[in-house]
Amino acid sequence: MVDTTHDTAALGGSLNPPTGSNGRGAAREGAEHGLDRALAQSVLARLKQPLVLVGLMGAGKSCIGKRLAGHLSLPFVDADREIEAAAGCSIPDIFAAHGEKAFRDGERRVIQRLLGNPVHVLATGGGAFVDPTTRALVKERAISIWIRADLDLLLKRVSRRNDRPLLQNVDPRAKLAELIELRHPFYAEADIIVDSADGPPEVTLGRVMEALGTYLTEREPAAS
């Protein structure tokens with residue numbers, strides 16, 4: 001496992017190539033923020049498995065995932081959006097009509113299907129990696145990256161949206177603190193851990209790229 005720390009605090013779908021702000025635009029933004037294109041080329045040449053981003057809501061999985069995919073010229077997929085597209089309704093509606101268990105069952109099937117596709121970047125929902133079957137599947141078929149963020153940063157970000165099923169009719173800070181306690185031990189099993197920066201997403205993207213380069217180097221066979 002690569003752990004980077006910094007001072008700043010049923011269902012399925014197809015893969016689409018990165019375009020617009022999710023593809024070339026993200027790559028241009030990365031170049032403007034001084035991201036290392038040589039590192040990106042080196043990572044891409046050695047990458048043989050999908051990259052799966054895990055972490056709590058508000059950590060920035062989709063935001064960073066889109067930029068990571070653009071920087072590496074890979075397809076990006078958001079598992080939650082794939083679930084909604086296949087179900088024909090929103091995730092809050094799935095929770096309301098069928099409950100969390102039905103959602104997790106569908107989520108598991110989505111991720112299993114997507115991980116059978118060629119190399120891509122996949123952002124997962126906050127509870128996906130907690131599921132033991134999904135976690136084992138990701139460990140077998142992909143490289144997992146935990147985008148870690150502290151409570152204050154998570155709260156700041158989730159307050160921008162009011163469609164989080166687990167935050168309905170509860171104290172958001174208390175609920176997030178509970179989820180941190182419950183889920184962080186599972187996220188800690190990820191291959192790579194990167195702290196989310198409270199600033200431009202390209203800062204976090206740079207951390208992900210550095211950690212990914214280190215991880216791939218450590219996995220290379222020793223020269224004889």
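## Overall make-up

How many helices and strands does the protein chain have? The protein chain has 9 helices and 6 strands, where helices (H or I, at least four residues) and strands (E, at least two) are DSSP runs numbered from the N terminus. The model is predicted, so that local features need pLDDT of at least 70 and side-chain atom pairs count only at pLDDT 80 or more, while totals for chains, interfaces and linings use all residues. Residues are numbered from 1 along each chain as its sequence is written, and side-chain values use heavy atoms, with hydrogens and water left out.

Of the 224 residues in the protein chain, 52% count as buried; buried means under 20% relative accessible area, exposed means over 50%, and partly exposed lies in between (1.4 Å probe, protein chains only). The chain exposes about 10,500 Å², and carbon and sulfur atoms supply 50% of this area. Accessible areas come from the Shrake-Rupley method with a 1.4 Å probe, and for residues only the protein chains shown count as cover.

## Helix α9 and its partners

Two packed helices are described by the angle between their axes and the distance between the axes. Helix α2 (residues 37-46) packs on helix α9 (residues 201-219) at an angle of about 45 degrees, with the axes 10 Å apart. Axes are lines fitted to C-alpha atoms, for helices over the stretch in contact, and angles run from 0 to 180 degrees between N-to-C directions. α2 and α9 are therefore oblique to each other (under 35 degrees counts as roughly parallel, over 145 as roughly antiparallel, 65 to 115 as roughly perpendicular, and the rest as oblique). The crossing of α2 and α9 is left-handed, meaning that the near helix is turned anticlockwise from the far one by less than a right angle, whereas clockwise is right-handed. On the α2 side the contact (heavy atoms within 4.5 Å) involves Leu39, Ala40, Val43 and Arg46, and on the α9 side Met209, Glu210, Leu212, Gly213, Leu216 and Thr217. By class, this contact has 6 nonpolar, 2 polar and 2 charged residues; Ala, Val, Leu, Ile, Met, Phe, Trp, Tyr, Cys and Pro count as nonpolar, Asp, Glu, Lys and Arg as charged, and the others, Gly among them, as polar.

Helix α3 also packs on α9, at about 60 degrees and with the axes 10 Å apart. α3 and α9 are therefore oblique, and their crossing is right-handed. Cys63, Ile64, Arg67, Leu68, His71 and Leu72 of α3 meet Pro201, Glu202, Thr204, Leu205, Val208, Met209 and Leu212 of α9. The classes here are 9 nonpolar, 2 polar and 2 charged residues.

## Helices α5 and α6

The axes of helix α5 (residues 91-114) and helix α6 (residues 132-141) come within 10 Å and cross at roughly 10 degrees. α5 is therefore roughly parallel to α6. From α5, Arg108, Ile111 and Gln112 meet Thr133, Thr134, Leu137, Val138 and Arg141 of α6. This contact divides into 3 nonpolar, 3 polar and 2 charged residues.

## Two loop residues

Ser73 lies in the loop between α3 (61-72) and β3 (76-78). Its phi is near 55 degrees, a positive value in a residue other than glycine. Ser73 is exposed, with a relative accessible area of 53%.

Ala188 lies in the loop between α8 (172-187) and β6 (192-195). Ala188 is partly exposed, at a relative accessible area of 33%. Not counting residues up to four places away in sequence, Ala188 touches Met1, Trp146 and Ile193. Ala188 and Ile145 are 43 residues apart in sequence and 9.6 Å apart in space, C-alpha to C-alpha.
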